[in-house]
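Dear colleague,

Please find below the structure that I promised to hand over, followed by notes on what was found in it.

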Amino acid sequence: SDRLVIYDESAVKTSARAWFIARMHGVAEVAILDGGLGKWRAEVRPLESGEPAIERGNFTSSPGAGTVRFKSDMLANLGSRREQIVDARGRARFTGEEADFRPNIASGHIPGACNRPYNLLFAHDGTFLSKRDLARVFEDAGIDLDKPVVTTCGGGVTAAVQLFALHLLGKDD
């Protein structure tokens with residue numbers, strides 16, 4: 001019943017992945033601290049060290065918002081193109097000009113996907129862009145925000161950043 005606020009200090013904004021997983025497991029009240037720990041520190045807000053004294057609670061997982069697409073779903077989508085695909089990786093990995101940093105991973109992208117690197121979703125202070133500017137980032141890539149969108153990346157972290165940005169736009173399909 002508590003609200004969960006997630007933050008990080010990661011270049012790839014790992015808090016978005018935690019947000020996605022929490023929602024998938026039924027946590028309805030979950031948020032991301034916009035700007036993360038970096039902005040918190042820059043605003044000279046209080047910090048603590050060590051383990052916090054928290055009261056143990058009960059949590060029961062239940063299905064929640066969010067779904068994962070499997071290879072079979074993506075292969076089926078190749079023919080129908082019902083869902084738009086947005087790839088969060090940098091342009092060079094998307095095009096295959098740069099090899100994946102993990103061994104034995106094929107270069108390139110899913111056919112029909114468009115590229116919108118996750119870092120385009122942030123202002124200089126690490127906060128998410130305004131709703132108007134977020135919408136423009138996706139629309140400039142040819143994404144119709146009235147149609148279903150699937151986000152992808154190399155491992156599910158930066159794709160979750162895109163999902164959160166879409167959530168901020170009211171798009172949770």
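**A loop glycine and its surroundings**

Gly108 is found in the loop between α4 (91–95) and β4 (114–115), where helices (H or I, at least four residues) and strands (E, at least two) are DSSP runs, numbered from the N terminus. Please keep in mind that this is a predicted model, in which local features need pLDDT of at least 70 and side-chain atom pairs count only at pLDDT 80 or more, while totals for chains, interfaces and linings use all residues. Residues are numbered from 1 along each chain as its sequence is written, and side-chain values use heavy atoms, with hydrogens and water left out.

With a relative accessible area of 17%, Gly108 is buried; the word buried means under 20% relative accessible area, exposed means over 50%, and partly exposed is in between (1.4 Å probe, protein chains only). Leaving aside its neighbours within four places in sequence, Gly108 is in contact with Arg89, Arg93, Phe94, Thr95 and Gly96, contact meaning heavy atoms within 4.5 Å. By contrast, Asp144 is 36 residues from Gly108 along the chain, and the C-alpha atoms of the two are separated by 23 Å.

Arg93, one of those contacts of Gly108, lies in helix α4 and is buried at a relative accessible area of 16%. Not counting residues up to four places away in sequence, Arg93 touches Glu98, Ala99, Asp100, Phe101, Arg102, Gly108 and Gly154.

**Salt bridges**

A salt bridge here is a side-chain nitrogen of Lys or Arg within 4 Å of a carboxyl oxygen of Asp or Glu, and by this rule the count comes to 12. Asp172 forms one with Arg23, and the closest N and O atoms of this pair are 3.6 Å apart. Because Asp172 lies in the segment after α6 and Arg23 in helix α1 (residues 15–24), the pair ties together parts that are 149 residues apart in sequence. Asp172 is partly exposed, at 48% relative accessibility, whereas Arg23 counts as buried at 16%.

Asp87 and Arg89 also meet through their side chains in a salt bridge (2.9 Å, N to O), and both of these residues are buried. Arg102 and Asp100, which are both touched by Arg93, form a salt bridge in which the closest N and O atoms are 2.8 Å apart.

**Helix α5**

Which residues of helix α5 (residues 131–140) are buried? They are Leu134, Ala135, Val137 and Phe138, and, seen down the axis of α5, the buried residues fall within an arc of 155°, so they line one face of the helix; the arc is that of the directions from the helix axis to the C-beta atoms. An α-helix has 3.6 residues a turn, so residues three or four places apart point the same way. The buried residues of α5 pack against β3 (84–87) and α6 (157–168), while on the other side of the helix Arg132 and Asp140 are exposed.

Lys131, also in helix α5, counts as exposed at 55% relative accessibility. Leaving aside its neighbours within four places in sequence, Lys131 is in contact with Leu168 and Leu169. After α5 comes Gly142, whose phi is positive, near 90°.

Thr151 is found in strand β5 (residues 149–152) and, at 14% relative accessibility, counts as buried. The side chain of Thr151 reaches the backbone oxygen of Ala159 at 3.0 Å. Apart from its neighbours within four places in sequence, Thr151 is in contact with Val86, Ala159, Gln162, Leu163 and Leu166.

Among the lining residues of the largest pocket, which number 41, those closest to its centre are Arg69, Val150, Thr151, Thr152 and Ala159. A pocket is, on a 1 Å grid over the protein atoms alone, an open set of points where a 1.4 Å probe fits, with protein on both sides within 12 Å along at least five of seven lines, and lining residues have an atom within 4 Å of a point. At least two residues of this lining come from each of α1, α3 (71–80), β5 and α6, and α6 gives the most, with 5 residues.

With best wishes

How values were computed:
Polar contact = N/O pair within 3.5 Å; in protein donor to acceptor, adjacent residues only side chain to side chain.
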